[in-house]
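Dear colleague,

I am passing a structure on to you below, and after it you will find my notes on what turned up when I went through it. Please read them with the model open beside you.

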Amino acid sequence: MMSSKKRLEEVFAGRIPDKVPHFELVFQLEKEVFGKSWPTYEQMSKASPKEREYLLEEYFEIWELILEKYQWSAIQLPCNLHGYFDGKIIPEGKKRFGDRAMIYDFNGSGTFWMPTGSEMEEFYVKFYERPDEAHEEARAKMKASIELARRQVDQGVDFICINSDYGFNDGPFISPKMFSEFVTPYLAEIVDKMHSFGVKVILHSDGDLRSILDQLVSTGIDGYQSIDPQGHMDIAEVKRQYGDRLILMGNVKTSLLQEVDEKSIREAVNYCMTHGKPNGRYIFSTSNCIFAGMPVESYHIMLDEYEKLAWY
């Protein structure tokens with residue numbers, strides 16, 4: 001029987017493992033499940049050096065508990081934790097967990113993506129009225145992303161997750177034409193550089209990406225996480241169109257997990273497995289993450305149905 005890590009390695013290699021691998025991008029039920037809490041920025045900033053070491057150990061202990069209980073195939077470790085321990089966390093995590101899980105980090109600020117409400121008007125005016133300025137900003141963002149990727153790889157990550165939300169629930173944050181000018185070429189260069197560093201790249205984006213998914217695939221990304229049902233993304237259709245080129249991850253609608261509706265949760269898992277699992281190239285997860293406020297029971301029901309269906 002393969003280890004959880006080996007299953008994900010097989011998927012990345014284009015082979016079919018013995019079981020569909022599983023992990024989530026974020027886990028926010030640590031207090032409910034384990035009675036522990038991820039260290040906060042406020043805690044780290046107020047702590048003495050000795051206390052920060054204790055908080056870092058708590059951080060690693062939570063990952064240890066997640067791996068023991070849920071057998072995730074990958075975990076996310078940052079270059080630094082709230083500005084501290086720069087360059088230490090990923091190498092230390094590799095020593096602790098590298099035989100059981102792949103290690104990755106987020107790198108999501110390399111391109112334009114959805115602005116906040118207070119920035120929205122100025123954001124769109126810039127594209128229309130000052131395109132040269134927008135391109136200059138895009139190049140700067142791209143360069144910073146590539147430099148971060150270099151650091152992440154030097155510290156030991158196995159792959160990188162580009163966590164950039166490009167879609168609202170009813171379409172991308174800019175038109176497909178504008179996306180092709182201000183995002184796609186820069187994303188393509190980022191992905192190319194990450195590949196040259198020797199790592200695979202998974203893109204996370206919520207929302208409706210149907211009109212830009214061809215562009216996103218053209219950048220060379222290895223995988224796509226979320227496949228957001230709330231954004232009209234259907235894993236059956238995405239698998240049909242791109243299953244030979246993309247590793248797919250996700251599609252269990254997170255809004256279903258806000259309540260303990262066992263029948264609906266199991267049906268959602270079954271749909272994902274029915275359409276994502278065939279011929280491999282699938283990682284099981286929610287369409288976003290395990291968020292604070294989700295009933296633990298909902299996640300456990302999801303996992304119970306997954307266990308019944310995950311084996312090839």
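**The chain as a whole**

The protein chain holds 13 helices and 9 strands. Its radius of gyration is 19 Å, close to the 20 Å that the globule rule gives for 312 residues, so the protein chain is as compact as a globular protein of that length. Please keep in mind that this is a predicted model.

Taken along the principal axes, the box filled by the C-alpha atoms of the protein chain comes to roughly 55 × 50 × 35 Å. Of the 312 residues, 54% are buried, while the protein chain exposes about 13,700 Å², with carbon and sulfur atoms supplying 49% of that area. When contacts between residues at least 6 apart in sequence are considered, 75% of them join residues at least 24 apart.

**Arg281**

Arg281 is buried and yet has no salt bridge, since a salt bridge would call for a carboxyl oxygen within 4 Å of its side-chain nitrogen, whereas Asp244, the nearest side chain of opposite charge, is 6.8 Å away.

What does lie 3.1 Å from a polar atom of the Arg281 side chain? It is the backbone oxygen of Arg245. Leaving aside residues up to four places away in sequence, Arg281 touches Val11, Gly14 and Lys239, together with Gly243, Asp244, Arg245, Leu246, Ile247 and Leu248.

Methods:
Residues are numbered from 1 along each chain as its sequence is written. This is a predicted model: local features need pLDDT of at least 70, side-chain atom pairs count only at pLDDT 80 or more; totals for chains, interfaces and linings use all residues. Side-chain values use heavy atoms; hydrogens and water are left out. Buried means under 20% relative accessible area, exposed over 50%, partly exposed in between (1.4 Å probe, protein chains only). Lys and Arg count as positive and Asp and Glu as negative; His and the chain ends are not counted. A polar contact is a pair of N or O atoms within 3.5 Å; within protein, one must be able to donate a hydrogen and the other to accept it, and residues adjacent in sequence count only if both atoms are side-chain atoms. Contact means heavy atoms within 4.5 Å. Helices (H or I, at least four residues) and strands (E, at least two) are DSSP runs, numbered from the N terminus. The radius of gyration is taken over C-alpha atoms; the globule rule is 2.2 Å times the number of residues to the power 0.38. Accessible areas come from the Shrake-Rupley method with a 1.4 Å probe; for residues, only the protein chains shown count as cover.
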